[in-house]
Amino acid sequence: MSSTEHADQVVHDVAVIGAGPAGLSAALNLVRAKRTVLLVDANRPRNAATLRSHGFLTRDGISPLELRKLGRTEVEGYPEATVVQSVVDLVAPDPDTDTWQVHGSWRGTELEARARTVVVATGLREEFPALPMLRAFYGTAVHSCVECDAYDKAGQPLAFICETDDVVDRALLIAAWTDDLIVYTNGVAPLDDAGRARLAAAGIVVDERGVEDLEGDRSGMTGVRLADGHVEPRTGGFVRPVWHADLDWLRTSATTSTSAMSGNTAANGDTPGALEGLQRDTQGLLVVDRVGRTSVPGLYAVGDVTPPGPEQLIVAAGHGAATAAAVHRDLVGGLADLRDAVQ
């Protein structure tokens, strides 16, 4: 891009990448601070299959998609907001102009924008155990958020399908709502004797055989079918997805090719061309301070893309509001002057 094109391009105060509860809350509070905001919505929510969300004050039981729609409409009502639908493939600092370049596309339409600061609110991608019928029951009979959905499963015979090393703690949490819980490790989740003892003491049954699939019909889930043919009656349950933070579009510069970014990704998310100085935890989530500042000046992150990962929608919205206040203060006082160190 030439210097003339730079001069002609509008520079937004903030680009918010992602329009879930965290991103929408950040955008809303920033426009009310009279900040010009570019809100980029890829329209790929993680909870698209969920029929009802819970725990959001005044909106308990609302569809997550309806909540997003209401939030986007509120943000669009402010003249300081520019809302676009696009899949972002590049966010990179431009040292020549002290701004961030944002590039994306949607159905043949390209997005080219610049902003003084960027808020990452893209959430996570879920990887589920390889069970053919899991998606059919996900969001109705099977859920991933215990705090959101366990109330409506209370007292039922439930399954918990988990292949990760936090199986014990998550199972104990679910057991607070039912005394008929079977944990299925699918032969993958690591369990030691101490973990088995904790689950047994809580009255939780553990089945470490391989799981073939879930069973049910249009009326709902009816059981869990194991690889040996046994079917255990279950009316619903919970699953622990593996979460991935897809952030290859955060790059050192616009000249980094996409092919260079597609190489092997280390545990901390480092790839050739990845944004220098950006700290990620062992799960690839963006490390932030208490108000969403990352280790890179001018770059913030909110919601599920930050540790500890997925949380209730109302918590994500609260994070968005807190980070919006930090972005505004940093823009008022200068990023270098008001910046807190990332712990």
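**The second largest pocket**

Reply: With four residues, α5 is the element that gives the most to the lining of the second largest pocket. Please keep in mind that this is a predicted model, where local features need pLDDT of at least 70 and side-chain atom pairs count only at pLDDT 80 or more, while totals for chains, interfaces and linings use all residues. Residues are numbered from 1 along each chain as its sequence is written, and side-chain values use heavy atoms, leaving out hydrogens and water.

The second largest pocket has a volume of about 470 Å³ (the space filled by probe spheres set on grid points, which are joined across faces, edges and corners). It is lined by 25 residues, with S144, C145, C148, P310 and E311 the closest to its centre. A pocket here is an open set of points on a 1 Å grid over the protein atoms alone, where a 1.4 Å probe fits, with protein on both sides within 12 Å along at least five of seven lines; lining residues have an atom within 4 Å of a point.

Two or more lining residues come from each of β8 (142–143), α5 (146–149) and α6 (167–174). These are DSSP runs numbered from the N terminus: helices are H or I, at least four residues, and strands are E, at least two.

By class, the lining has 11 nonpolar, seven polar and seven charged residues. Nonpolar covers Ala, Val, Leu, Ile, Met, Phe, Trp, Tyr, Cys and Pro; charged covers Asp, Glu, Lys and Arg; the others, Gly among them, are polar.

For context, the largest pocket has a volume of about 770 Å³.
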